[in-house]
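Here's a quick briefing to get you oriented.

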Amino acid sequence: MPKIYLTTPLYYVNDQPHLGHAYTTILADVLTRFYKMAGYETFFLTGTDEHGQKIADAAKQRNKTPLQHCDEMVLKFKSLWEKLNIGYDDFIRTTESRHISVVNQALQNLYEKGDIYKSSYTGWYCVPDERFWTEKDLVDGNCPDCGRKVEKLEEDNYFFRMSAYQDWLIQYIREHPRFIEPETRKNEILGFLSKPLNDLCISRPSNRLSWGIPLPFDPQYVCYVWFDALLNYITSPGYLTDQEGFQKWWPADYHLIGKDIVTTHGVFWPIMLKALEIEPPHTIFAHGWWLIEETKMSKSLGNVVSPEYLISEFGVDQFRYFIMREMALGQDASFSIESIIDRINMDLANDFGNLASRILTMIRRYRQNKLPEALENGGPEEALITSSNRLPDEVFGLIREMKIHLALDRIISAVRDTNRYIESSAPWELARTKQDKKLDTVLYTATEVLRKIALLLYPVMPEKIERLREFLNSREEITLTSARKWGILQPGTAVDHKEILFPRIEKALHKTEPETPKKMETPKKTDYLTFEEFKKLDIRIAEVLTAEKVPDTKNLLRLEIDLGTEKRTIVAGLAKYYQPQEFVGKKIVVLANLQPANLHGIISEGMLLAAEGEDTVKLLTIEGDIPPGSRIR
RNA sequence: CGCGGGGUGGAGCAGAGGAAGCUCGUUAGGCUCAUAACCUAAAGGUCGAGGGUUCGAAUCCCUCCCCCGCUACCA
C-alpha cells in the first residue's frame, strides 16, 4: 500500500489562528482525503511551535506564564481545526516531552560530532524578529527585515556549522527538481545559496531568554526556536523512539508551508537532517499568500478575516471549497466577501446543488422517489458514461500535480455537462409524452453521474457530500475506485431530496467589502460651523511631560501630557520635524475630546494642534504663562 | 536596481512554446424539472512596451514602463 506523509508548519502561537493558518491546514486535509480515497495510507501532522522570545513577551503582556499562554492558544487552534473538520493524525506541541527529548538527543549528537560549536558574537539584535544582523546588514541603523530598532549585543553563543553543507545542498537541490516547489521558490533558494552561507546561531543565553529548551551540553543556553521546531517533523513519526514508525513514514512527502518560511525549510532543515544523517523530505511545497484588498493579510493591518466568522456565515464546506478553488497553489490570491459569495452561488448553488435538486425532484415527481433503471442508453448516455468514468483519474492527476483549483474546475465543468445533458434530453418532455423507458434512462444516468461527481468533491466538502449520499441512499465506500465505476446505484433504491444543499446567498445581506476607512469629505467653503458646534470642541493647553519616538514608525511621537486634571497619552505625527526632547516642558495646544485612535498599538487620547506649511509643520504654543488644562475658546 | 507580488476581452482570474481560455457581467433567444436556477447564441482581447531566440512566443532571453504590498504616520 503506498503511503503519504504530509505536514503543515507548526504554527507559532503568538497569534490567533487566521485565514493563512486555515488555508494551509485545509490544504493538508484535502490532500490527505484525496490520497486516502486513492488507496494511500496517510499520515497528516500539524501542531504548534511554542518557544521563543515573542511567546514569552506575549505571555508576559497577558500576565500568564508562557505555558499557560500556549495552552490557551493551542485550544484555539484545536477548536478551529475541529470546526473545519480537519482530520489530522497527530498534533504535536514543541513543549511536549517526546519532542524535547528528540531535540536534546539531536543537539547532543551534533555537538559531539563537532557540527555545533561555541563562539563569541557581536552583532545587532532585533528583538521582535529574534534575529541577529551584522553591521552591514542594517538599513539606516535599523533591522533590514522589519525596519525596527536594533540593539547592540555581544555574547557567546552556539553555532551550527551550516556552511560545511552548502555545496552538498546546492547539488542536492539541483539533482532533485521536486525538492522545492514551485520552481520560482527553488530558484529563490538557489539564489540565496549563491552567497556564502553563514553558520546559524542556534542558542540564546537563558538569562536573557528562559523560554526554550536548554542545551543538553550547556544549560546556560536555550535552543533557538527554529532549530527546535523543525525537528517536530521527525519527532512525530517516531525518530529515536519508534524505529518502525519512522521507517514507514519518513521521509515526509510534502512539507506544506507559506512562502515566507521557504528559507528555513529549504536551507536550515535539509542541512540539519544531513548533519543528523537523515534523508531529506521529498518535497517542500510553498503556497502563496491570501491578499485582502490587495494587501498582505496580517494582524497588524487589522484586516484579518476570521475563519470562525466565515464558517458561521457561509458554512464550513462552502468555505473549504472557496479557499481551495480560488487559489492557484503557489501563487497569491485575493480574498473578498464578494468573491466568496460569487463562488458559492455560481459553482455550488447554481450548478452543483441545483443539479442535485432538479434530478431528485424529477425522480420524486415522475417516479415516486424510486430510482428507475436505464434500459435505453443512447449516444448521449454513452458519452456521459465514458467521460464520467475518466473523470476520477483526471481529477486525481491534477491533485498529484498540486493543481487543486484546476481539479475543482474540472469537476464543476462535469456538473455543467450533466446540466446540459438534462437540458438536451428534456425529461419533462419525455414525461409529458409518456416515453417511460427513455425517461427512466435519463433519470438514472444523471443520478449516477451525480454520485460519481459527489465522491470527487468529498475531500473538499465532507459534510455536504455525506448529506447528499443520504439523499441518494448511497452507502458504497468513498474511494476513487468506486468513483471510476459505472452502475453502483441500484435501480429501485429509494432516494429523496430532503433539503437544499447549498442555498443561494443574498449579497445584500452581507457587507461585500471589509471595513474601509470612510473617505474624507472636503468641506465646502460655505459650510459654516454653528457656535453650538464650536462649543463641542474641547481645546486646551497641556504641558508635555515626556516625549519619545514610536519605534518602527517614520513620523510618530508618543507624548505624555499633563492636562491639568489628568495625564494622558497622545500620538503626534511630527517626528520628521521635531526631535522628541524639543517637546519636553513645552505648553502645547490639544484637542482633548477627539475620538481616541489606535496608532501603532498606542491609544492616542487627543490631538496635538500644529500648523501645516508646504513642507513643514510648526507646533502651536501659547504666549505667556497659563496653567495646563486651561480651556481655549 | 531594498525585498516581494502583479500587468491576458467591461470585472475577476486561469493558462506558461504549437489554433487566445474560464467564471461573472452585457445583448438576443430557449426551457419550465430545478435554488429568479438551467441551456443556446452573439458582442468584446495588438496577452503592459520594445527588442531577441524559434518553423512557431501570452509562454523562453534581454531592456524598459506602470500598479501594489512589505511600511496603520492624527494633520
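Rings of Phe, Tyr and Trp (its six-membered ring) count as a pair if their centres lie within 6.5 Å; planes under 30 degrees apart are called stacked, over 60 edge-to-face and the rest tilted. By that rule, the count here comes to 23 aromatic pairs. Keep in mind that this is a predicted model, where local features need pLDDT of at least 70, side-chain atom pairs count only at pLDDT 80 or more, and totals for chains, interfaces and linings use all residues. Residues are numbered from 1 along each chain as its sequence is written, chains are lettered from A and ligands numbered from 1 in the order in which they are written, and side-chain values use heavy atoms, with hydrogens and water left out.

**Aromatic pairs**

- Y172 and F179 pair up edge-to-face, at 5.1 Å centre to centre and with 85° between the planes.
- Both Y172 and F179 are buried (under 20% relative accessible area, with exposed being over 50% and partly exposed in between, using a 1.4 Å probe and protein chains only).
- W250 and W269 have ring centres 6.2 Å apart and planes at 80°, so this pair is edge-to-face too.
- W250 sits in the loop between α9 (243-249) and β12 (254-258), while W269 belongs to helix α10 (residues 262-275), so the pair ties together parts that are 19 residues apart in sequence.
- W250 and W269 are also both buried.
- Ring pairs join Y5, F43, Y233, Y239, F246, W249, W250 and W269 into a cluster.

**Charges over rings**

- K78 has its charged end over the ring of F91, 4.8 Å from the ring's centre (the rule asks for NZ of Lys or CZ of Arg within 6 Å of the ring centre and within 35 degrees of the ring normal).
- K464 does likewise with F502, its charged end being 5.4 Å from the centre of that ring.

**Two helices side by side**

- The axes of helix α14 (residues 379-400) and helix α15 (residues 404-425) come within 9 Å and cross at roughly 170° (axes are lines fitted to C-alpha atoms, for helices over the stretch in contact, and angles run from 0 to 180 degrees between N-to-C directions).
- That makes α14 roughly antiparallel to α15, a label for angles over 145 degrees.

**The whole chain**

- Chain A has 20 helices and 26 strands (DSSP runs, with helices being H or I of at least four residues and strands E of at least two, numbered from the N terminus).
- Of the 633 residues in chain A, 53% are buried.

Key:
Angles under 35 degrees count as roughly parallel, over 145 as roughly antiparallel, 65 to 115 as roughly perpendicular and the rest as oblique.
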